[in-house]
Amino acid sequence: MLRLPTLAGCMAVVLAFLPMAAVPSCGQQKGKASYYSRRANGVRTSSGVRFNNDSLVCAHRTHPFGTLLNVKNPANGKEVVVKVIDRGPHTKGRVIDLSYEAARRLGILAAGVALVEVSVYEELHVPFKQNEASTPEIDLELPAPNEDFGLRPEWQRDRKP
């Protein structure tokens with residue numbers, strides 16, 4: 001006779017493997033970074049955008065398209081902000097694929113693969129944007145039916161509304 005595992009047994013197995021589940025972290029991520037080949041210029045990416053070697057873009061497995069990521073090379077302290085436009089890298093052990101320009105700014109062209117720290121870039125500075133708290137609230141009053149506050153033309157002021 002076949003015995004099925006109990007609910008407690010199934011829960012114990014699930015709880016044992018839960019810490020090993022691949023859950024994307026919102027914090028900082030450390031790992032190896034590589035960069036796209038120069039021949040990839042003009043190729044359509046997973047998001048539908050055409051790849052350009054001179055733009056600051058990247059491929060990441062879990063972050064949504066359009067997310068800005070701060071990538072730091074701890075070996076030399078250089079940082080760059082890139083935008084996620086593709087899925088990847090498809091090589092095991094790598095965290096992010098960078099565009100040629102992003103890799104050049106980080107100083108990893110000669111190495112090809114380098115250890116980097118990746119975090120979400122949250123500070124988006126929009127120049128000349130006013131804060132909502134500093135904008136004054138305007139209180140407008142409507143005139144009473146018998147008052148015109150000088151808004152009606154002079155030739156209509158004698159008429160009854």
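Buried means under 20% relative accessible area, exposed means over 50%, and partly exposed lies in between, with a 1.4 Å probe and protein chains only. I start there because Arg104 counts as partly exposed at 43% relative accessibility, and that residue returns at the end.

Now the basis. This is a predicted model, in which local features need pLDDT of at least 70 and side-chain atom pairs count only at pLDDT 80 or more, while totals for chains, interfaces and linings use all residues. Residues are numbered from 1 along each chain as its sequence is written, and side-chain values use heavy atoms, with hydrogens and water left out.

First, the overall layout. The protein chain has 2 helices and 6 strands; these are DSSP runs numbered from the N terminus, helices being H or I of at least four residues and strands E of at least two. Along the sequence the pattern reads α-β-β-β-β-β-α-β. Of the 161 residues in the protein chain, 24% are buried. Contact here means heavy atoms within 4.5 Å. Among contacts with a separation of 6 or more, 68% are between residues 24 or more positions apart.

Next, the strands. How do they run in the closed barrel? The 6 strands go S1-S5-S2-S4-S3-S6, with mixed pairing. Neighbouring strands of this sheet are turned by 45 degrees against each other on average, direction ignored; the axes are lines fitted to C-alpha atoms, for helices over the stretch in contact, and angles run from 0 to 180 degrees between N-to-C directions. Two strands pair if DSSP finds at least two bridges between them.

Take strand S6, residues 114–120. With S1, residues 29–35, strand S6 pairs in the antiparallel sense over 5 bridges, and Gly31 has Val116 as its bridge partner there. S3, residues 68–73, is joined to S6 by 4 bridges, also antiparallel. Across that pairing, Val71 stands opposite Val118 and Leu69 opposite Val120.

That leads to the interior. A nonpolar core is a set of buried Ala, Val, Leu, Ile, Met, Phe, Trp, Tyr and Cys residues joined through side-chain atoms within 4.5 Å. The largest one has 17 residues, and those touching the most other members are Cys58, Leu69, Val71, Val82, Ile96, Leu98 and Val118. Two or more residues come from each of S3, S4 (78–86), S5 (94–98), helix H2 (100–106) and S6. A second, separate core of 6 residues includes Tyr36, Ala40, Phe51 and Val57. Back to Val71: leaving aside neighbours within four places in sequence, its contacts include Lys78, Val82, Leu106 and Glu117.

Now the charged residues. A salt bridge is a side-chain nitrogen of Lys or Arg within 4 Å of a carboxyl oxygen of Asp or Glu. Lys and Arg count as positive and Asp and Glu as negative; His and the chain ends are not counted. Asp86, in strand S4, is buried yet has no salt bridge, and the nearest side chain of opposite charge, Arg87, is 7.1 Å away. Not counting residues up to four places away in sequence, Asp86 touches Tyr36, Thr45, Ser46, Cys58, Ala59, His60 and Phe65.

How many salt bridges does the structure hold? There are 2. One joins Arg104 to Glu101 at 2.6 Å, N to O, and another joins Arg105 to Glu101 at 3.0 Å. Glu101 is buried at 11% relative accessible area, whereas Arg105 is partly exposed at 42%. Shared partners join Glu101, Arg104 and Arg105 into one network.
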